[in-house]
Amino acid sequence: MPRLYPLKKIRNIGIIAHIDAGKTTFSERILFYSGISHKIGEVHDGAAIMDWMEQERERGITITSAATTCFWTPTDQEENKHRINIIDTPGHIDFTAEVQRSLRVLDGAVVVFDGVAGVESQSETVWRQADKFNVPRICFINKLDRTGASFEKSLQSIFEKLTPNAVALQIPIGQEENLKGIIDLLKMKAIIFEGDFGQNIKEEEIPADLKEEAEKWRHIALEKIVSEDESLMEKYLSEEELDLESLKNCLRKAVLANKLIPVFAGTALKNKGIQLVLDAICYYLPSPVEVPAIQGIDPKTEETIERKADDDEKFCALAFKVATDPYVGTLTFFRVYSGTLQAGSYAYNINTNYRERISRILRMHSAEREEVKEVYAGDIVATVGLKNTRTGNTLCDEKDPIVLETISFPEPVIAIKIEPKTREDQEKMGIALRRLSDEDPTFKIKTDMETGETIISGMGELHLDILVDRIKREFKVECSVGRPQVAYKETILQGTEAEGKYVRQSGGRGQYGHVKLRIKPKERGSGFSFKEEIKGGAIPKEFIPAIEKGIKEALTNGVLAGYPMVDLETTLYDGSYHEVDSSENAFKIAGSMALKEAVRNAKPIILEPIMKIEVVIPEEFFGDVVGDLSSKRGRIEETFDRLNMKVISVHAPLAEMFGFATILRSLTKGRGTFTMEFENFEQVPTNISQSIIEGKK
């Protein structure tokens with residue numbers, strides 16, 4: 001069956017922003033104007049289509065990235081329909097993994113800003129992630145109808161905090177409650193949105209009182225655009241007329257190369273400006289053929305190979321999200337990079353060496369779904385019931401395998417104890433935890449060996465709150481949870497050597513394993529590495545994987561307080577074996593013993609998660625809040641003004657920040673807000689380290 005839409009008419013985009021910038025409302029308008037929904041769903045009424053989880057509707061925030069497909073013909077064209085696959089990502093920092101994995105499979109992004117607050121902390125985080133993946137983007141300054149909104153100040157904050165390469169293509173006509181429409185600086189026309197939902201677009205002459213200002217902004221925009229093209233620059237300098245098509249083409253090339261970032265204006269809630277952003281998605285963001293071909297590794301030769309976005313290439317796709325659906329079971333979302341795939345056929349998971357049957361393929365419209373028979377290069381779709389596929393796995397053609405770069409996720413920083421209330425709940429809880437950890441790579445489960453308790457860990461209090469809520473609602477498990485605990489880590493400060501000897505003789509065949517290890521500290525955040533330098537067959541090759549396994553198992557329980565050990569390098573350099581008594585198990589135990597012994601002599605320390613916190617408060621509460629943060633071992637990095645509010649940027653240990661939301665509310669009479677994200681791990685001060693160790697005993 002031939003594809004309905006040519007590749008160059010497809011856009012895979014994400015909508016990213018700080019929490020509460022109006023991202024989901026913006027997505028809802030896109031669905032309305034493109035005809036996917038026939039009524040407008042509002043977040044504040046709990047009726048947003050993209051927020052389909054109960055928890056999302058109750059809290060008015062986005063938790064999972066909803067994928068949806070819509071179609072758009074640019075407003076100034078009668079034919080030229082584009083298919084737009086949209087992923088609406090969460091803004092809350094606890095769900096940063098959702099944003100990260102979405103950016104990995106997108107070709108372009110729309111970054112939404114609050115017209116009152118401008119660039120906020122989470123906007124910076126997602127912007128840097130988009131930079132990391134080289135995602136071309138456009139900006140939309142939203143909420144310009146609100147009191148205190150300012151297009152100029154918001155644009156200035158983009159220049160200062162994110163990029164000097166932003167270029168305003170529109171300015172608003174009026175601000176706050178007087179926002180009437182926008183001025184298109186390329187066409188030099190006023191655009192007014194009429195009708196109950198702003199669905200009727202009217203082009204008018206620019207009001208006389210705004211003519212001069214529009215000319216000034218157009219001049220700035222044209223200078224930035226023509227500087228990307230010599231022939232346009234010559235025309236511009238010799239004051240020739242520049243035609244609209246040439247300007248758009250030049251701007252498109254600059255956006256695709258990440259050299260310019262167009263900025264648009266409007267208000268999603270009051271239905272102004274959204275259709276023009278849809279036009280811009282079609283004009284300026286890339287199709288799958290305009291982004292570099294995906295690169296991966298050939299598992300047979302270990303060489304880098306690439307796959308172009310082409311239906312005739314061999315099939316290759318990346319699973320970027322696993323979700324539990326109450327109606328169809330496990331949904332696996334994947335992006336097809338090359339080739340085609342038919343329902344009823346098989347795809348090979350190169351990471352797990354497993355052939356997966358693709359029984360059904362679904363095109364998602366948020367929680368609604370449409371079944372399709374075949375998918376093509378550039379598509380983002382979901383399939384049902386894959387048994388062995390996790391986030392970050394590559395699906396490909398078995399005869400032509402390729403391994404795409406997997407998605408790396410941050411380590412959890414907070415943990416809680418969870419207990420089922422009855423024996424029946426115990427079994428159901430096990431299933432629920434397994435499903436949720438398959439879905440969310442930043443959610444980890446561990447059993448405490450000493451107490452037998454189940455410990456779950458995640459990226460923040462809200463993250464764990466939502467997961468526990470889902471366990472109770474979706475999986476009908478009655479359970480109780482303990483108080484949040486910090487997910488500490490252990491590491492070492494110096495290098496050392498040690499040996500582990502495991503010898504048992506108990507009639508018949510004995511056990512013998514003897515290992516000599518060198519260990520040394522690594523840079524923070526670089527993880528664990530294992531090297532082997534055995535010479536002269538001191539330990540046979542077949543026992544080395546068992547030694548590595550023993551070392552890795554020993555790393556899960558540190559020597560100081562039983563926390564996982566990180567950031568160290570181990571080198572296996574010597575040992576001995578017995579012809580008869582040596583076994584994999586003996587060497588595994590010897591490896592574990594050697595590591596524990598080495599760590600004891602290598603100045604072990606405890607590390608704690610340090611959080612980057614941004615507190616926004618009215619000025620009169622500044623002294624009280626700074627005092628409270630300082631008492632929490634907080635390091636004030638900077639303070640600055642944002643409109644009529646004070647912003648405090650601070651680094652503080654997570655251990656001190658529990659309950660800060662309540663404290664901030666009482667200190668600021670409910671007017672203060674804050675965001676918190678993981679920054680890095682740092683050494684715990686000696687006096688606190690001692691109390692952590694004693695508390696674990």
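The chain has 16 helices and 38 strands, where helices (H or I, at least four residues) and strands (E, at least two) are DSSP runs numbered from the N terminus. This is a predicted model, in which local features need pLDDT of at least 70 and side-chain atom pairs count only at pLDDT 80 or more, while totals for chains, interfaces and linings use all residues. Residues are numbered from 1 along each chain as its sequence is written, and side-chain values use heavy atoms, with hydrogens and water left out.

Along its principal axes the C-alpha trace of the chain spans about 100 × 65 × 55 Å. Of the 697 residues in the chain, 55% are buried, meaning under 20% relative accessible area with a 1.4 Å probe and protein chains only. Among contacts (heavy atoms within 4.5 Å) between residues at least 6 apart in sequence, 72% join residues at least 24 apart.

The axes of helix H10 (residues 423–439) and helix H11 (residues 461–473) come within 10 Å and cross at roughly 135°, the axes being lines fitted to C-alpha atoms over the stretch in contact, with angles from 0 to 180 degrees between N-to-C directions. H10 and H11 are therefore oblique to each other, since angles under 35 degrees count as roughly parallel, over 145 as roughly antiparallel, 65 to 115 as roughly perpendicular and the rest as oblique. Where the two helices meet, Ala432, Leu433, Leu436 and Glu439 in H10 are in contact with Leu467, Arg470 and Ile471 in H11. The residues of this contact comprise five nonpolar, no polar and two charged, where Ala, Val, Leu, Ile, Met, Phe, Trp, Tyr, Cys and Pro count as nonpolar, Asp, Glu, Lys and Arg as charged, and the others, Gly among them, as polar.

Notes. Buried means under 20% relative accessible area, exposed over 50%, partly exposed in between (1.4 Å probe, protein chains only).
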